[in-house]
Amino acid sequence: MRFPAFLTWLAFPVYVWQGLGVRRRTTRMLPAQGPVMHEISGKAPDIALLVLGDSSAASVGIGNSEDGLSAQLAKLIAQRTGRAVRWRAAGFNSATSGQIRDHVLPNLSADPWTHIVLAIGTNDTKNFHSVPRFKKEFGGLLYGLRAKWPEARVVWSPVLEFTRAPAMPPLLGKILEIRATAMNRMGERLCLERGAVPAPRLPITNPEQGFASDGFHASEAGYRAWAEHLVGLVLAS
């Protein structure tokens with residue numbers, strides 16, 4: 001995969017030209033309104049869930065955070081276990097692995113999170129970060145998480161398929177998909193080396209239903225499918 005990823009640099013002018021076109025046509029969406037921290041009642045001991053990452057962790061693409069990834073995942077965990085769930089969404093528009101590592105992780109209070117879901121890597125790919133840079137920044141983020149919460153179960157949700165996003169022109173989608181595949185391969189390796197669990201890629205079966213109006217972020221149905229995809233792996237011991 002290294003050679004195809006290297007070849008994408010030859011297509012960099014196409015990436016810039018088509019990427020600027022997508023940016024011009026796409027409305028920039030804001031994080032969802034509503035709580036970023038909440039509790040669901042249930043049996044003790046409670047489960048403490050932190051969803052950390054980019055705009056998907058911030059539920060960008062929908063109106064209310066209660067329909068976002070964090071809240072829907074927390075509801076599924078509560079339903080499956082009957083236990084109380086305390087959750088927090090720490091998501092930031094356009095964030096990369098390095099920004100989460102350097103500016104977010106150090107400022108998170110050391111609450112006793114039992115489960116951490118990482119939704120990061122899309123912007124590293126979209127911004128044309130190299131795989132070695134991703135290795136350093138995402139790998140450092142994993143080290144930081146393990147140091148701060150050594151007993152938490154950490155699950156990483158890898159980069160989604162760019163070719164399935166309605167906002168992506170076919171050629172741009174293919175260029176970014178080659179890079180996403182390389183990023184995901186490195187991310188999986190780092191997770192296995194550094195005490196985290198790499199999730200399988202979310203299968204996108206219905207792009208029209210699963211994406212928001214901007215054709216890039218998830219819709220309410222998309223976030224629900226994402227939560228259903230992750231919940232079993234999050235709860236697995």
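Before the first entry, I wrote down the cut-offs I need: angles under 35 degrees count as roughly parallel, over 145 as roughly antiparallel, 65 to 115 as roughly perpendicular, and the rest as oblique. I also noted that this is a predicted model.

**Entry 1: α4 and α6**

I looked up helix α4 (residues 97-104) against helix α6 (residues 131-148) and found an angle of about 40 degrees, with the axes 8 Å apart. With the cut-offs above, α4 and α6 are therefore oblique to each other. The crossing in which α4 passes α6 is left-handed. On the α4 side I listed S97, G98, I100 and R101, and on the α6 side F134, K136, E137, F138, G140 and L141. Sorted by class, this contact of α4 with α6 holds four nonpolar, three polar and three charged residues.

**Entry 2: α6 and α7**

Next I followed α6 to its packing with helix α7 (residues 170-193). Their axes are 10 Å apart and the angle is about 35 degrees. I noted a right-handed crossing for α6 and α7. From α6, the residues that meet α7 are V131, F134, K135, F138, G139 and L142. From α7, I wrote down A182, M183, M186, G187, R189, L190 and C191. The classes for the contact of α6 with α7 are nine nonpolar, two polar and two charged.

**Entry 3: α3 and α9**

Which way does α3 pass α9, left-handed or right-handed? I started with the geometry: the axes of helix α3 (residues 69-81) and α9 come within 8 Å and cross at roughly 45 degrees. That angle makes α3 oblique to α9. As for the handedness, the crossing is right-handed. In α3 the contact uses L69, Q72, L73, L76, I77, R80 and T81. The partners in α9 include Y223, W226, A227, L230, V231 and L235. I counted by class here too: eleven nonpolar, three polar and four charged residues in the contact of α3 with α9.

**Entry 4: the second largest pocket**

I then turned to the second largest pocket, which holds about 510 Å³ of space. Its lining has 30 residues, and those nearest the centre are L160, L202, F211, A218 and W226. Which elements give two or more residues to this lining? I found α5 (122-126), α8 (207-210) and α9 (220-235). Of these, α9 gives the most, with five residues. The lining divides into 17 nonpolar, eleven polar and two charged residues. I was pleased to meet W226 again, as it lies among the residues nearest the pocket centre and is also part of the α9 side of the contact with α3.

**Entry 5: two backbone details**

Which residues does a cis peptide bond join? I found A44 and P45, with omega at about -5 degrees. P45 sits in strand β2 (residues 43-53).

Key: Residues are numbered from 1 along each chain as its sequence is written. This is a predicted model: local features need pLDDT of at least 70, side-chain atom pairs count only at pLDDT 80 or more; totals for chains, interfaces and linings use all residues. Side-chain values use heavy atoms; hydrogens and water are left out. On a 1 Å grid over the protein atoms alone, a cavity is a set of points where a 1.4 Å probe fits but cannot get out, and a pocket is an open set with protein on both sides within 12 Å along at least five of seven lines; lining residues have an atom within 4 Å of a point. Grid points are joined across faces, edges and corners, and a volume is the space filled by probe spheres set on the points. Helices (H or I, at least four residues) and strands (E, at least two) are DSSP runs, numbered from the N terminus. Ala, Val, Leu, Ile, Met, Phe, Trp, Tyr, Cys and Pro count as nonpolar, Asp, Glu, Lys and Arg as charged, and the others, Gly among them, as polar. Axes are lines fitted to C-alpha atoms, for helices over the stretch in contact, and angles run from 0 to 180 degrees between N-to-C directions. A crossing is left-handed if the near helix is turned anticlockwise from the far one by less than a right angle, and right-handed if clockwise. Contact means heavy atoms within 4.5 Å.
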